[in-house]
Amino acid sequence: MYQWMIDRVYAVAGLVGLRQKAEDKTDCKQLVVAERDYHWWSPRSFWIPTSPEKLAAVEANTFRHVKAPVERRMVETDDGYQISTVIVRGPPESATNTPLVLLHGFGGGAGMWCKNVDALSSNRTVYAVDMLGFGRSSRPEFSDDAFEAEDLFISSLEAWRQAVGLETFILGGHSLGGFVASAYALRYPQHLEHLVLVDCWGMPERPDNYEQHRIRLPRWVKVIAYLLQPFSPLAGLRFAGPFGPAIISRLRPDLRRKYEDMFDDDTIVEYLYHCNARKPSGELAMKSLSIPFGWAKNPMVPRLTQADPDLPMTLIYGQRSWVDCSTGYKLKEERSSSYIDVHLVSHSGHHVYSDQSDEFNRIVAIVCNRVTDQMSHDTGSQ
């Protein structure tokens, strides 16, 4: 009886490493098992009021004010996964323009771009993708190894590209999505016309003297942090059960303000709750990719300096963000022979795309139009 109770607590929290491994290690579909929620009769389903159906409904709600045609599609890939995709199409005459693909940040989903897709789809098709392990996409079990976890993100995005049928595109990513976009660009630069990194996580290397300058935390904080190490990052949200949305509202009152020009209710809070109350997957990958507190095991700046020199990049930072924009200028300096542009958006924090959506949309539109102009020039000169 006690063991059953312990197992249920671990299941609700998403304790790392305690999920049942499939016996056949060669069958890739073993990884898809993690995407399924518990049965309706499980203790978890009674305590945590979420389901794939509820997430799908609230995602649709986030796009209810978008004027452009919105298509929501579950893309089946050859590697056995489903990648949830929101497609916002521009006018018919823009169908041949290079499409824009957007990757959300940690704990988010395609719905986070609801303030941007109307403007950005004015002259091209926009694909807002739920990365593997997040949102409505499949929730596999990621490796504890940072490079293997990163590889699964990359391979799933490439499988998605092939399934959708895109030859080249503009790739933009926010925070963790920027890290994944960077990793994809390193492996498949031939499919990218431009890389847009929005307040990208995981750029700088952790200094060698990090321990000397780290904040001295009270002992009780260190004890709690130690006890929580085995758990997935958002375990507390699942522990909270039906009180989860209220906790998000209490801890992040800014979320509603960021979208108050679109919603006068808790649409975004509900969306984020249902994105993150399900079984953990992508959040565990984030744990595999990072080291305390917030550094990447395999940072991107030294790697992007070796990226294809012909790949243009634009980096966008929030002036008030916790992400250090100096890494963007460092990358620009080290890629001096390549095109790289850095923007610092005033009155904006980490979520640039929602804090200052008009300015963000303007910058990205310039990038997209530059790609279109370049493609037209190349076609005309042939």
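Student: Which residues in H3 meet which residues in H12?

Tutor: This is a predicted model. In H3, Lys54, Leu55, Val58, Glu59, Asn61 and Thr62 make the contact. Their partners in H12 are Thr267, Ile268, Glu270, Tyr271, His274 and Cys275.

Student: Why do residues a few places apart point the same way?

Tutor: An α-helix has 3.6 residues a turn, so residues three or four places apart point the same way. In this structure, Leu55, Val58 and Thr62 are among the H3 residues that meet H12.

Student: What kinds of residue make up the contact of H3 with H12?

Tutor: Five are nonpolar, four are polar and three are charged.

Student: At what angle do the axes of H3 and H12 cross?

Tutor: The axes of H3 (residues 52-62) and H12 (residues 267-276) cross at roughly 145° and come within 9 Å. The crossing of H3 past H12 is left-handed.

Student: How does the span of H5 follow from its 19 residues?

Tutor: Helix H5 covers residues 146-164, and at 1.5 Å a residue it should span 27 Å. The end C-alpha atoms of H5 are 27 Å apart, so the two values agree.

Student: What is found at the N-terminal end of H5, and what follows H5?

Tutor: Asp145 caps the N-terminal end, with a side-chain oxygen 3.1 Å from the backbone nitrogen of Phe147. After H5 comes Gly165, which has a positive phi near 90°.

Student: Is Thr98 buried or exposed?

Tutor: A residue counts as buried under 20% relative accessible area. Thr98 has 7%, so Thr98 is buried. Thr98 lies in the loop between strands S2 (82-88) and S3 (100-103). Beyond its neighbours within four places in sequence, Thr98 has contacts including Arg124, Phe169, Glu193 and Met375.

Methods
Residues numbered from 1 in each chain as written. Predicted model: local features only at pLDDT ≥ 70, side-chain atom pairs only at ≥ 80, totals over all residues. Heavy atoms only, no water. Axes fitted to C-alpha atoms, helices over the stretch in contact; angles between N-to-C directions. Helix = DSSP H or I, 4+ residues; strand = E, 2+ residues; numbered from the N terminus. Left-handed = near helix turned anticlockwise from the far one by under 90°. Contact = heavy atoms within 4.5 Å. Nonpolar A, V, L, I, M, F, W, Y, C, P; charged D, E, K, R; others polar. Expected span 1.5 Å × (residues − 1). Polar contact = N/O pair within 3.5 Å; in protein donor to acceptor, adjacent residues only side chain to side chain. Buried < 20%, exposed > 50% of the residue type's maximum accessible area, 1.4 Å probe, protein only.
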